[in-house]
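Here are a few exercises to work through with the structure on your screen. Try each task yourself, then go through the solution step by step.

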Amino acid sequence: MLTTTFFLELAKWSAVLTIASAVVTVLGFIFQWGIRFRLVGSTGFMGVLTAGLFSLSLVPLTHTAVPGSVRYKLVYDTGGAQTVISVPPTISNAQLDATMRQAASDLYSYGRLGRAKDNLLTIRVRTVIHPSPGASKPLYLGEVKRSLAIRDDEQLNIQVFPENLAQLPKSTA
């Protein structure tokens with residue numbers, strides 16, 4: 001797994017290569033080599049690469065996995081305060097709760113536009129059922145609201161719609 005210490009180690013080696021590239025570039029100018037300007041470009045690229053690797057070593061790369069959650073698809077997201085995800089119609093109540101927690105963790109971003117008056121991200125969960133052949137019906141199973149300002153928001157407002165959950169087809173397992 002890629003960790004911040006891994007990126008720090010890569011940044012150290014990249015810095016060494018950047019310094020070596022800079023030394024070769026200086027030698028190219030001293031001895032009037034024909035590729036000296038190409039060496040300037042490669043040294044600049046190495047500098048940018050080193051800075052990027054170093055910045056990745058500063059920012060923690062975390063992904064929270066919620067046990068019991070199922071895969072979902074992002075249906076609607078404008079980068080603002082409202083999103084819609086889609087789950088399979090075979091989802092259980094416990095899986096729905098875990099999936100809403102997973103989506104609340106995954107869809108948080110510092111860059112979301114907090115134009116909502118309550119400064120909350122609202123994630124609506126839906127599925128599509130087929131009550132008769134050739135007919136499809138979207139069914140909202142619940143929604144979760146979380147803070148747009150706090151990364152690890154413990155005050156998730158999870159609301160499940162039991163009347164819609166009861167309309168899901170029963171699994172044959």
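Predicted model: local features only at pLDDT ≥ 70, side-chain atom pairs only at ≥ 80, totals over all residues.

**Exercise 1. Classify the aromatic pair of phenylalanine 6 and phenylalanine 7, then the pair of phenylalanine 31 and tryptophan 33.**

- Step 1: Know what to look for. A pair of aromatic rings is described by the distance of the centres and the angle of the planes. Searching the whole structure turns up three aromatic pairs, and this exercise takes two of them.
- Step 2: Start with phenylalanine 6 and phenylalanine 7, which lie 5.9 Å centre to centre with 70° between the planes. Planes over 60 degrees apart count as edge-to-face, and that is the label for this pair.
- Step 3: Phenylalanine 6 is partly exposed at 39% relative accessibility, while phenylalanine 7 is buried at 9%.
- Step 4: Go on to phenylalanine 31 and tryptophan 33. Their ring centres are 6.2 Å apart and their planes meet at 25°, so this pair is stacked.
- Step 5: Tryptophan 33 comes out at 34%, so it counts as partly exposed.

**Exercise 2. Find the salt bridges and say where their partners sit.**

- Step 1: Count them. The whole structure holds two salt bridges.
- Step 2: Take arginine 101 and aspartate 97, whose side chains meet at 3.2 Å, N to O. The two are four residues apart in helix H3 (residues 93-106), so about one helical turn separates them.
- Step 3: Check their cover. Arginine 101 has a relative accessible area of 37% and aspartate 97 has 27%, so arginine 101 is partly exposed and aspartate 97 is partly exposed too.
- Step 4: Now take arginine 124 and glutamate 143, with their closest N and O atoms 3.7 Å apart. This pair links distant parts of the chain: arginine 124 is in strand S3 (residues 120-129) and glutamate 143 is in strand S4 (residues 137-147), 19 residues apart.
- Step 5: Compare the partners. Arginine 124 is partly exposed at 32% relative accessibility, whereas glutamate 143 is buried at 13%.

**Exercise 3. Describe the overall build of the chain.**

- Step 1: List the elements. You'll find four helices and five strands, and from the N terminus on they run α-α-β-β-α-β-β-β-α.
- Step 2: Get the extent. The C-alpha trace spans about 80 × 40 × 30 Å along its principal axes.
- Step 3: The chain has a radius of gyration of 25 Å, whereas a compact globule of 173 residues would have one near 16 Å.
- Step 4: Finish with burial. Of the 173 residues, 31% count as buried.

Definitions and conventions. Residues numbered from 1 in each chain as written. Heavy atoms only, no water. Phe/Tyr/Trp six-rings, centres within 6.5 Å; stacked < 30°, edge-to-face > 60°. Buried < 20%, exposed > 50% of the residue type's maximum accessible area, 1.4 Å probe, protein only. Rg over C-alpha atoms; globule rule 2.2 N^0.38 Å. Salt bridge = Lys/Arg side-chain N within 4 Å of Asp/Glu carboxyl O.
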